[in-house]
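Q: Before we turn to single residues, could you take me through this model from the chain as a whole down to its details? I would like to hear the general idea for each feature, and then the case at hand.

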Amino acid sequence: YLGDLDQTHSATEKYELIQQGIRPSPLYEDPAQFVQVPDKDNPAVAVSMLTAKAYCKWLSEKTGRKYRLPTIDEWRHAMKLGGGMPSDLNASAWHKKNVEKDIFDKLLTGRVGSKSPNGLGIYDMFGNACEWVTGTGQDKVVVGGHYHLPPEEFTEDWKAIEDTKVWNEKHPQIPKGRYWISDFHFTGIRLVCEPASVAANPPSEE
């Protein structure tokens with residue numbers, strides 16, 4: 001399925017992507033039955049690490065800046081420098097006890113940036129969608145907690161390691177798709193833009 005490839009991709013690039021086996025296939029079921037479909041005010045969820053890294057690559061190519069996932073050390077440094085675990089999770093994080101529900105009693109993510117930021121001005125480091133990090137020494141890890149987690153379970157060291165059999169148990173496709181997560185659908189992304197790339201490509205004043 002090459003619907004996400006446009007005229008900016010050469011024939012060679014398309015061939016290489018196909019050979020790598022990482023092209024997404026069409027969905028045979030509506031993902032909305034498993035996860036909340038996000039809008040511009042809510043975080044993207046059910047994001048696999050493969051999708052997160054592909055998005056970083058795409059965004060880097062589109063902007064000319066280097067975007068990537070944070071390392072676990074970077075995430076923890078930003079968390080601790082910003083004050084660590086918030087003393088008031090109701091004011092600072094979306095969690096199981098303060099998010100809204102839809103008509104089917106399904107929990108919904110909260111609006112991004114609507115809770116108090118940490119001391120560095122970073123929003124939603126805890127709760128809402130948990131975030132992929134690299135450099136953990138393990139395969140695929142998310143941190144920060146999520147909106148299905150009760151506040152008493154939040155800690156600075158909370159993490160979850162991907163278990164494909166459990167996280168994608170109800171995925172409707174065979175073989176299981178690798179671009180979205182059907183069951184542990186609380187995963188989102190936070191990106192790092194490397195400082196050198198920002199200096200080399202300052203924002204437009206337009």
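A: We begin with the surface, and with the reminder that this is a predicted model. The chain exposes about 12,100 Å², and carbon and sulfur atoms supply 53% of that area. Of the 206 residues of the chain, 39% count as buried.

Q: How many helices and strands does the chain have, and in which order do the elements run from the N terminus on?

A: The secondary structure comes to 6 helices and 6 strands. Read from the N terminus, the elements run α-α-β-α-α-β-β-β-α-β-β-α.

Q: What share of the contacts with a separation of 6 or more is made by residues 24 or more positions apart?

A: In this chain, residues 24 or more positions apart account for 62% of the contacts with a separation of 6 or more.

Q: How should I read a sheet, and which order do the strands of the open sheet have here?

A: The general idea is that strands of a sheet pair through backbone hydrogen bonds, and that the pairing is either parallel or antiparallel. In this model an open sheet of 4 strands has the order E4-E3-E2-E5, and its pairing is mixed. Strand E4 (159-161) and strand E5 (187-188) are the edge strands, each of which pairs on one side only.

Q: Which strands run parallel and which run antiparallel, and which residues stand opposite each other?

A: Let us go across the sheet pair by pair. Strand E3 (residues 141-143) and E4 pair in the antiparallel sense over 3 bridges, and the bridge partner of Val 143 in E4 is Lys 159. E2 and E3 also run antiparallel and are joined by 3 bridges, with Val 141 in E3 as the bridge partner of Val 133. E2 and E5, by contrast, run parallel and are joined by 2 bridges, and here Glu 131 stands opposite Gly 188 in E5.

Q: Where does Gly 135 lie, and is it buried or exposed?

A: Gly 135 lies in the loop between E2 and E3. Its relative accessible area is 64%, which is over the 50% cut-off, and therefore Gly 135 counts as exposed. Gly 135 and Glu 74 are 61 residues apart in sequence, while their C-alpha atoms are 9.6 Å apart in space.

Q: Where is Asn 128 found, and is it buried or exposed?

A: Asn 128 is found in the loop between helix H4 (89-92) and strand E2 (130-133). It is not a glycine, although its phi is positive, at about 60°. Because its relative accessibility is 1%, Asn 128 counts as buried.

Q: How is a pocket described, and which residues are the closest to the centre of the second largest pocket?

A: About 320 Å³ of space lies in the second largest pocket. This pocket is lined by 13 residues, of which Pro 43, Val 112, Glu 131, Ile 189 and Arg 190 are the closest to its centre. By class, the lining has 8 nonpolar, 2 polar and 3 charged residues.

Q: Where is Ile 189 placed, and with which residues is it in contact, leaving aside its neighbours within four places in sequence?

A: The place of Ile 189 is in the loop between E5 and strand E6 (192-193). With a relative accessible area of 31%, Ile 189 is partly exposed. Leaving aside neighbours within four places in sequence, Ile 189 is in contact with Val 47, Ala 52, Tyr 55, Leu 69, Cys 130 and Trp 132. Its C-alpha atom is separated by 8.2 Å from that of Val 45, which is 144 residues apart from Ile 189 along the chain.

Q: In which helix does Ser 197 lie, and is it buried or exposed?

A: Ser 197 lies in helix H6 (residues 195-200), and it is buried, with a relative accessible area of 10%. Apart from neighbours within four places in sequence, Ser 197 is in contact with Arg 65 and Lys 66. The C-alpha atoms of Ser 197 and Tyr 67 are separated by 8.7 Å, although the two residues are 130 residues apart along the chain.

Definitions and conventions:
Residues numbered from 1 in each chain as written. Predicted model: local features only at pLDDT ≥ 70, side-chain atom pairs only at ≥ 80, totals over all residues. Heavy atoms only, no water. 1 Å grid on protein atoms, 1.4 Å probe; cavity = no way out; pocket = protein on both sides within 12 Å on 5 of 7 lines; lining within 4 Å. Points joined across faces, edges and corners; volume = space filled by probe spheres on them. Nonpolar A, V, L, I, M, F, W, Y, C, P; charged D, E, K, R; others polar. Pairing = 2+ DSSP bridges. Buried < 20%, exposed > 50% of the residue type's maximum accessible area, 1.4 Å probe, protein only. Contact = heavy atoms within 4.5 Å. Areas by Shrake-Rupley, 256 points an atom, 1.4 Å probe, with all protein chains shown as cover.
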